[in-house]
Amino acid sequence: MSTTTTTAPATTAAPPSRWQRFRDSFLFYSFKRDLVAQLSMLVFLLMIAAAVFAPWLASMNPYDLAQIDILASELPPFWVDGSDPMYVMGTDAQGRDLLSTILHGLRVSLIIGFGAVILQATLGVCFGLLAGYMGGRIDAFLMRVADIQLSFSTLMVAIIVGALVKAIFGGATFSDYAVWLLVLIIGLAEWPQYARTVRASVLAEKSREYVDAARVMGLRSRRIMFRHILPNTLSPIFVISTVQVANAIISEAALSFLGLGMPETHPSLGSLIKSGFDYIQSGSWWITLIPGLVLVVVVLVINLLGDWLRDVLNPRLYKG
Amino acid sequence: MMTATAASHRAPADDQQPAESLLEIRGLEKRFSLSGDFLEQLKFRRGRIVREQAHVHAINGVDLTVQRGEALCVVGESGCGKSTVARTVMGLLRPTAGEIHYDGERIDHLESRALLPWRKRMQMIFQNPYASLNPRMTIQQTLEEPIRLHNASWTPQQVRDKVAEVMTDVGIAPDWGSRYGHEFSGGQRQRIAIARALAVDPEFIVADEPISALDVSIQAQVLNLLMEAQQERNLTYLFITHDLAVVEHFGTRVAVMYLGRVCEVAPTATLFARPRHPYTQALMSAIPRLEDDRPQHLRLTGEVPTPVNLPSGCVFHGRCPAANERCRREVPRLIATDDGGQVACHGVEEGRLS
Amino acid sequence: MALLEVNNLDVRFALRQGDVRALRDVCFSLDRGERLGIVGESGAGKSVAAFSLLNLIARPGYIAGGSINFDGHELTSMSDRALRKIRGHRISMIFQDPMMTLNPVLTIGEQMIECLKAHRRISSREARAISLRKLEQVQIPSPDKRLDHYPHELSGGMRQRIIIAIALLLDPDIIIADEPTTALDVTIQAEIMALLLELCEKHNVALILITHDLGVVSQVTQRMLVMYAGRVIEQGPTREIINDPQPPYTQGLMNALPQMATPGSRLNQIRGSMPSLNKLPSGCAFHPRCDFATRPEGELRPACVDQVPQFVDSGNCQVACHMVAEMQQAERIPVEEKQ
């Protein structure tokens, strides 16, 4: 085809690297212009860092009974009279340093939040892809299952399962595996959120011609689903992931508050709030309030980031 | 170059030898359900629960033969089923009834795994170049995928060489492989889509409105590319379009469709010189021409019926100026005409229409 | 004086990379009852031109300069309120997609009556009578029944007829039609165009027809503009431009049509593609694709690369092209030498 002139895009520079693409992207551009998103990101990263480095940041190990001084219980934080300079945020009813306990609690809460979301996302994405791409009976079946699952509230399922496990295996076993049990319960209860979102975007993508092109090529369904369709449905998955992490953290806190979550010996933010709740009347408000504030801030920044991400990735608002 | 193309391009139509047929479509029908899944089909009527289903009759008994080396153009207006024919031929849709034979073997009932050897021989080009490239894949990845799939034994270097070769063939510089589809213009993307179809060296290409979404000056580029590819690779085309000017230029033979039926098939020159079916005549007179002194177009009366409730008899009778009682009652069949075409019209058959 | 006069219209879009100039120095005029075609490929700015006439360009687009004079009123400086009186009333628009104008939850009749009552003080009964008459004019069968239908109950061709009826409702002076038949089939397109032409002639309404289809322009309009990359590059009587296009771009556009070549032969393509508006080539924006701009030896003509071509008169047409200007000069010099 000698007569056809070779054409190329107008610019003649080398193709941009991944980093360059990211820097030129609308995502990065809008992040640079959005102060709220930047602040939220900063706080969020600080929280993550605090949780990851909790064993090194905390002045004492709240799980180690040997370090706990029962005489130093219910000491107020530093700005209140009667505080001990050793315990900046005061101590709880068992004499644990509250700051250290919060750092470890944050770690537990975030592990459960992310762990549950990874489980939800894996299940939800697979089922959503399958339902959307295969259609027909598989779709009808999976979506009915999702409907049924959604009609039970997460908390109700968790309470029943938690209570059953506690009754059958006893409190001690429950405490040992509490983190993974909570991840499992919250993860299993909320997969339909993902499945529905993924299915909706799979249906939209499926009608686009690149999917037909892949079918005409003779590719197998699995490859089309995971290699062609999935990468194009990532935007909504990211958006709901942020909301779901926040939800999972809240669910865990609620369960712990009801006594079905993390045990007080291995507290999350939720069980810290619960453990301090009994002492509000006796004037030790900080044991509940400070972990409560931390929880609110974590959930808030995650939700703010999620909002920002949704605005940016929404194709209808997106005009690049 | 120009004259050579012209001569070879017209060859299959000019010699009257019955050419070898590559694709045969017999009695093809395709219905789409409008009623959703089983639960949604249940309706409450006069105190009883009944199952109701409405269907879109996209194609109703289409017979077509594509001969090796020709470019068969299928024209018609939106909703006439021309794209459904293309997609059924490519196995993207399963026909409700009828058979598709490729090179003598029946392929319409095959599972996708069994169809794989045929996939290498027949490829498709789509209408919308903005949607037919995966936005998350680079051009290199897009083009490597079919080559790897159909040539499992090739080394990575062989695959890369092949990609560079097809990219050069369609006029895209091979060093642009690491870019994504959205970095190219519409015409360039369509070239890449053509490269993807050519990458497995097919012998038959179904092109579904490949130039409709492009600008006039780019349409010419892509049409030229398709014609060059046909010449150099000895391709056979099934070319779906609504643009009669393109058909006249590109097609060896033309099939005119209306509401899921073929109403006329003829060699291009014959059809344009003497359209027989009243619908073909109306269609041809409706093309806006550049000349000033064209005859007034034939105005059709009536509305286009929907493919949900098909009219009885000839589907065109509601808009046809020459329709009579028989047309309203009886479905016309394709009959051979004296000038090498086929037409499905009672009027022509009876000699009422010329 | 012309009914509509557009001078040096300059429209920009404020994007994050900076301003993108969608229209530059667009000038044209339209007389009462005249039919003008605006032709160009996608990205040429023809739709932006139409939308900016009524100040309908959505943000981040804005009119950066120039004037639009309609019957003595300057539209660019007019308040939104005053503009709304002209919009739909004296200048109405027909869009490519009828559903852009029709509200899916109101019946045809409700929409037409609402539109009439918004601009005139009349009773609902009078408004209904006028609506009926307009539907009859656009040859809709059983118009009284159609008034009570919802838009989705009608076919595409029928919807576009309704749109024409709505456009004619208030007896406008100008109808701007933006690709009115692109979404329709050929046979329906021919009917709609014939109808539009007939009604414009009958009621002495001026028409601005925006399209990429040279065939449609050639049959409907009296004068035409050819646009490329935001500029007008040729304007004049439609027949003259169609029969004898002057700048290489218009020639190329015409020659690229399959009907201009012998069947089966290679089409005369224009190489390359339309530049994007934020990366416009210098000088004449067409020069990278233009055969004239490249000398036989392969180098580019400096004039085409450096200077934006100015309009020169050529017959009844005005052309912005260095080639046409140079050819005219070459003709003029021998004449002067003789004298």
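Analyst: The buried residues of helix 4 of chain C pack against helix 3 (108-119), helix 5 (143-146) and helix 6 of chain C. Helices here are DSSP runs of H or I with at least four residues, strands are runs of E with at least two, and both are numbered from the N terminus. This is a predicted model: local features need pLDDT of at least 70, side-chain atom pairs count only at pLDDT 80 or more, and totals for chains, interfaces and linings use all residues. Residues are numbered from 1 along each chain as its sequence is written, with chains lettered from A and ligands numbered from 1 in the order in which they are written.

User: Which residues of helix 4 of chain C are buried?

Analyst: S131(C), K134(C) and L135(C). Buried means 20 or more other C-beta atoms within 10 Å of the residue's own, exposed means 12 or fewer, and partly exposed lies in between, with C-beta atoms placed from the backbone. Seen down the axis of helix 4 of chain C, the buried residues fall within an arc of 100°, so they line one face. The arc is that of the directions from the helix axis to the C-beta atoms.

User: Why would residues three or four places apart point the same way?

Analyst: An α-helix has 3.6 residues a turn, so residues at that spacing point the same way.

User: What does the face turned away from the buried side of helix 4 of chain C carry?

Analyst: The exposed residues R125(C) and A129(C) are on that face.

User: What span should helix 4 of chain C have?

Analyst: Its 14 residues (124-137), at 1.5 Å a residue, should span 20 Å, and the end C-alpha atoms are 20 Å apart, which agrees. The expected span is 1.5 Å times one less than the number of residues. After helix 4 of chain C comes Q139(C), with a positive phi near 55°.

User: Other phi values. What about D171(C)?

Analyst: D171(C) is not a glycine, yet its phi is positive, near 50°. It sits in the loop between helix 6 (156-168) and strand 7 (174-178) of chain C.

User: And where is N204(C)?

Analyst: N204(C) is in the loop between helix 7 (186-203) and strand 8 (206-211) of chain C. Its phi is about 55°, again positive in a residue that is not a glycine.

User: How many other C-beta atoms lie within 10 Å of each?

Analyst: D171(C) has 13, so it is partly exposed. N204(C) has 11, so it is exposed.

User: Now domains. How is chain C divided?

Analyst: Into domain 1 (4-228) and domain 2 (245-338), with bounds from an automatic or database domain assignment. Their C-alpha centres lie 32 Å apart. Nine residues of domain 1 of chain C are in contact with ten of domain 2 of chain C, contact being C-beta atoms, placed from the backbone, within 7 Å.

User: Which element gives the largest share of the domain 1 side?

Analyst: Strand 2 of chain C, with three residues.

User: Switching to chain B. What is the strand order in its open sheet of four strands?

Analyst: The order is 4-1-6-7, with antiparallel pairing. Strands pair if DSSP finds at least two bridges between them. Strand 4 (55-67) and strand 7 (105-106) of chain B are at the edges, each with a single partner strand, so one side of each has no neighbour in the sheet.

User: How many bridges join strand 6 of chain B to strand 7 of chain B?

Analyst: Two. In one of the bridges, H101(B) has R106(B) as its partner in strand 7 of chain B.

Definitions and conventions: Contact = placed C-beta atoms within 7 Å.
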